[in-house]
Structures are given as structure tokens and as C-alpha cells.
Amino acid sequence: MRKFVIKGNICYSKTSDELCIIENGYVVCENGICTGVYEELPECYAIFPFYDYTDKIIIPGFTDLHVHAPQYSFRGLGMDLELIGWLDTHTFVEEAKYSDLEYADNAYGIFAEDLLNSATTRACVFGTIHPEATALLMEKLDNTGIKAYVGKVNMDRNSLGNLCEKSPEEAFADTEKWITGNMGFENVKPILTPRFIPTCSDGLMEKLSILQQKYSLPVQSHLSENLGEIQWVKELCPGTAFYGEAYDRHGMFGKPLPAIMAHCVHSSQDELELMKKQNVFIAHCPESNTNLSSGIAPVRTFLDMGIKTGLGSDIAAGSSLSLFKAMAMAIQCSKLRWRLKDQSLAPLRIEEVFYLATKGGGEFFGNAGSFEQGYEFDAVIIDDSTLKHPQKLNARERLERLVYLAEDRHIIAKFVSGRKLFEKII
């Protein structure tokens, strides 16, 4: 029975405009679920086990809606290239190595350990086309206690020969075997993962659609990231009015089953309208979009339209697992877009990006990413006392500073669904 109370500076979102902060307040967990946040602890909870993190910063865990685990090994490389050249030069060459399970075991061990020590408690993760290596990734993530969706990547064209499925039929068989063989993890679930339309033939997409319906699987992929990519999709998929239709005509673009589309930097109004209608989540990846010169996504438009949106680190086009860094870059990029391209779209604020990193992305997992009553109890405890400063700061100012300094290294404890994953001695 996971019942306890945590005391500290509680910071959480109710909406994208409302950041709730209770300095040295209390948040109560019962059976892995938040049951209340209080300025004074009600007497009925006085008998619960108590974690005293007085004056520490306590936030809901972050959700990384888009991260490529096999790319973690080459983060920070190839940043002078745009998307397609970067994929051909670095990504596909690296991902081919995961046919070697010894290599995969070492690489995924490093990734899982570093993700555990970040502020992320939930993630949507790409593997490679290799079923055995992807199962190994799932096992390692499951052992950390982090909640995750993990996908065996599917692609059958426009890649290295050893990274292409031999046929849609073989891809169907291999992917179904991977799905049925990896449904027993406590914390990790499979997610259907066509890499993106340029690497997935219509035949492959038809087979994946059958699996999606048969096993009621969510989908993750990429959308409208790069102008050259969008033009390529038009050539590959004649008869589609916009990129998203290439997914939608196979039933893999939201309703009735959930989907995440990363980037959406250059999505048309019609594409965005369809995403809103079908509850497709957008994974906004500001560092990746900057590093690969893709552009700046109009996140203000996403929020104004009510499109479900979260943040992604997008390793390795993004260089860091830190969603603090993603928050800061989301604000900075929105300021540049406002100043240089469209002054009708106001820049993002701290309240909004904190919401995206927590409750916004967490919604893909259900009630996650907040300390509101009924939400799963995911919490990250941060001791920022070593960040010396001469002035007195309130909890909101301290949180803002953590965002801009990307200070994951000050995390001292982490909880997921009421289970303590670690606590560092301080």
C-alpha cells in the first residue's frame, strides 16, 4: 500500500495558464494516486509515513513524448546537417548496429540509467527495426520503474538495406511476434511505430493498420518536420492534400486510437484541424528543430486551437534528455518566431511550457503530470541549495531558474505511481 505524505515547495499545473505553488505545503499519496495538496496537513493524514523535503522544490515528473533511444550514443554529432542528410549520414548508420545484441545491451543500459536520473518519469520511445534489441530496451526501461511506451520501428524503403523490412508481410509477422511477446512488462507497453511516411510504403502501412486494430495500439511517428520532407511525401503519396492524410488514410492518425506526431513545424491549417478533431498529440521538439534547421513550430497556435501538446527531447537531434532544456528552448524559439516571423503569436511563458512538460504530455498516459486529485503520483524532488545567489527567491523564481539552467543534476529523489525509484543521501 503506497500511502505517504511529502512536504516541500509544491509546484504543479492545473491549466496551461495556471501554475499552482504552495510553499512548504503537503501532497498526499494513497495507493499511488494523489489525493490532495494542502497548506496545512489534515489530521487524518498525520499517521501516514512522512517525507520531509522542507524548502526543496517538488514537481510532477516530466513526460518526454518523443525520444529515440538508439540515437543517444551519438547525441551532439552531425548538427551541421539538415534532416534527410543527418538521417543518412548518422542515424541509419548507428541504428544498424543494434542487430548486435551485445552492442544494444551496452547502449540501452547507458540510456536507461541516464533517463532514470533525469526529471522524466514517463516517455514515448523509438527503438530500431530489430525486435530482439527493442525487447531488450523495454526490459531495461521496465527495470528502472519509469513508465514508457516503446516502439519497434518499421520501415521498408529509402533507408540502408539492412534497415529495411524485407517485405510488408515479413514486417507484419515480426512486429506481431514482438507485440505479443512483450505485453507482460509492469511499466512498459508497446506502441506501433512507422518511422515516417518516406520510409514506409503503402503496403507496410496497411499491414501496420491491421496490427493497430487487432491489438488496440497507440501510434507514434513524425509529421511535417522539414520542408523537403513534406515535398517528398507529396511525391510518394499522390492524392493526399497534406502530409497527415498519408497516415489518416490508413487509420493511423488518432481517433479512435491515440497517436503522437512529432514536430508539426510546417503543418497546414487543414492538417492542424484534423489533428484537433482526432485528438492527435503533438510532440514539440524545439532543440531538434533548431539543430536540424527545420524551423520553429507555432506552439501558440497549437495551444489556442486546443490541440493536445507536450514536449520531446528528440535525442539525438536534440542533445539532452533534460526537459528543463526543452522548456527553455521552447520559450526562446517562440520569442524568435514572434519577433522575426509572426507577431500575432505571443511568445510562450514559463507557466505554459511547464504545463507542456508535465500535464500536457502526461495526458497521453491518462491522469499523469499533475498533483491534482486523482492523478498518478509522479514526483521529482530537487535540491537547488547549491545554486548560490545573494537575493531571496520565492519558489516560482527558483523553478524558473531551474528551467533556464536545465538543472537535472540537483534531483535528489524520484517517485512514479507512488513508488520511490531512488533517493540520494544529502
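Mentor: Two strands pair if DSSP finds at least two bridges between them. Strands themselves are DSSP runs of E with at least two residues, helices are runs of H or I with at least four, and both are numbered from the N terminus. Before we apply this, note that the model is predicted, with local features needing pLDDT of at least 70 and side-chain atom pairs counting only at pLDDT 80 or more, while totals for chains, interfaces and linings use all residues. Residues are numbered from 1 along each chain as its sequence is written, and side-chain values use heavy atoms, with hydrogens and water left out.

Trainee: In what order do the 7 strands of the open sheet run?

Mentor: The order is β3-β2-β1-β4-β15-β16-β17, and the pairing is mixed. At the edges stand β3 (33–38) and β17 (419–423), each of which pairs on one side only. On average, neighbouring strands of the sheet are turned by 35° against each other, direction ignored. For that angle, axes are lines fitted to C-alpha atoms, for helices over the stretch in contact, and angles run from 0 to 180 degrees between N-to-C directions.

Trainee: In which sense do β1 and β2 pair, and over how many bridges?

Mentor: They pair in the antiparallel sense, over 11 bridges. The two strands form a hairpin with 2 residues between them.

Trainee: In which sense does β1 pair with strand β4?

Mentor: That pairing is parallel, over 5 bridges, with β4 covering residues 50–59. Here I6 has Y51 in β4 as its bridge partner. Strand β2 (residues 18–30) also pairs with β3, in the antiparallel sense over 5 bridges. In that pair, Y26 stands opposite Y38 in β3.

Trainee: How many of the 13 residues of strand β1 are buried?

Mentor: Buried means under 20% relative accessible area, exposed over 50%, and partly exposed in between (1.4 Å probe, protein chains only). In β1 (residues 3–15), 10 of the 13 residues are buried, and the strand is mostly covered.

Trainee: Which residues have the most contacts inside the largest nonpolar core?

Mentor: A nonpolar core is a set of buried Ala, Val, Leu, Ile, Met, Phe, Trp, Tyr and Cys residues joined through side-chain atoms within 4.5 Å. The largest one has 109 residues, and I59, F111 and L141 have the most contacts inside it. Another core lies apart from it, with 19 residues, among them F4, V27, I58 and F377.

Trainee: What does L141 touch?

Mentor: Contact means heavy atoms within 4.5 Å. Not counting residues up to four places away in sequence, the partners of L141 include F111, A112, L115 and V188.

Trainee: Where does F377 lie?

Mentor: F377 is in the loop between α12 and β15. It counts as buried because its relative accessibility is 0%. Beyond its neighbours within four places in sequence, F377 is in contact with residues including F4, I6, V27, C29, I33 and F415. Between the C-alpha atoms of F377 and H389, 12 residues apart along the chain, the separation is 32 Å.

Trainee: What does the side chain of S370 make a polar contact with?

Mentor: A polar contact is a pair of N or O atoms within 3.5 Å; within protein, one must be able to donate a hydrogen and the other to accept it, and residues adjacent in sequence count only if both atoms are side-chain atoms. The side chain of S370 has such a contact with the side chain of E372, at 3.0 Å. A polar atom of the S370 side chain also lies 2.9 Å from the backbone oxygen of S13. S370 sits in the loop between α12 (350–362) and β15 (379–382), and is buried, with a relative accessible area of 1%. Leaving out residues up to four places away in sequence, S370 touches Y12, S13, C34, P60, K359, Y375 and E376.

Trainee: Is H66 buried or exposed?

Mentor: H66 is buried, at 1% relative accessibility. This residue lies in strand β5 (residues 62–68), and its side chain makes a polar contact with that of H68 (3.3 Å). Apart from neighbours within four places in sequence, H66 contacts residues including C124, H222, H263, C285 and D314.

Trainee: How many disulfides does the structure hold?

Mentor: A disulfide is a pair of cysteine sulfur atoms within 2.5 Å, and the structure holds 0.
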